[in-house]
Amino acid sequence: GLDHDKDVQVPALILISYLAIHVGDTGVFREYCVLKTLKNLARTNVAQIQSVQEVLFTALQHLELSRDH
């Protein structure tokens, strides 16, 4: 159900966010449109969860910055 989906999505989203922060916008991230995906997720209810919110927005900033360089 929906709760199970959220139980899987939240840790996965946090993991991807941490990877984005530490690895940056690599070719793999570009290939899978990670920045676009994270931006879309930032508009959903999952982004309202405190543990997701902090790392998600840091990851978005980091990806935006690394893309510009």
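This is a predicted model: local features need pLDDT of at least 70, side-chain atom pairs count only at pLDDT 80 or more; totals for chains, interfaces and linings use all residues.
Student: Why is Phe 29 called buried?

Tutor: Buried means under 20% relative accessible area. Phe 29 has 11% relative accessibility, so this residue counts as buried.

Student: Where does Phe 29 lie, and what does Phe 29 touch?

Tutor: You can find Phe 29 in helix α2, which covers residues 27–31. Leaving out residues up to four places away in sequence, Phe 29 touches Ile 16, Leu 19, Ala 20, Gly 24, Val 34 and Leu 63.

Student: Leu 19 is in that list. Why is Leu 19 called partly exposed?

Tutor: Good question! Leu 19 has a relative accessible area of 39%, so the label partly exposed applies. Leu 19 belongs to helix α1, residues 2–23.

Student: What makes the nonpolar surface patch, and what is its area?

Tutor: Leu 19 is one of its members, together with Leu 15 and Val 23, and the patch has an area of about 260 Å². A patch residue needs over 30% relative accessible area, and Leu 19 has 39%.

Student: How do you know that helix α3 and helix α4 cross, and what is the handedness of the crossing?

Tutor: The axes of α3 (residues 34–41) and α4 (residues 50–68) come within 10 Å and cross at roughly 145 degrees. This crossing is left-handed. On the α3 side, the contact is made by Val 34, Leu 35, Leu 38, Lys 39 and Leu 41. From α4 come Leu 56, Ala 59, Leu 60, Leu 63, Glu 64 and Arg 67.

Note on methods:
Residues are numbered from 1 along each chain as its sequence is written. Side-chain values use heavy atoms; hydrogens and water are left out. Patches are made of residues with over 30% relative accessible area and no salt bridge: like charges are joined within 9 Å, nonpolar side chains (Val, Leu, Ile, Met, Phe, Trp, Tyr) within 5 Å. Accessible areas come from the Shrake-Rupley method with a 1.4 Å probe; for residues, only the protein chains shown count as cover. A salt bridge is a side-chain nitrogen of Lys or Arg within 4 Å of a carboxyl oxygen of Asp or Glu. Helices (H or I, at least four residues) and strands (E, at least two) are DSSP runs, numbered from the N terminus. Buried means under 20% relative accessible area, exposed over 50%, partly exposed in between (1.4 Å probe, protein chains only). Axes are lines fitted to C-alpha atoms, for helices over the stretch in contact, and angles run from 0 to 180 degrees between N-to-C directions. A crossing is left-handed if the near helix is turned anticlockwise from the far one by less than a right angle, and right-handed if clockwise. Contact means heavy atoms within 4.5 Å.
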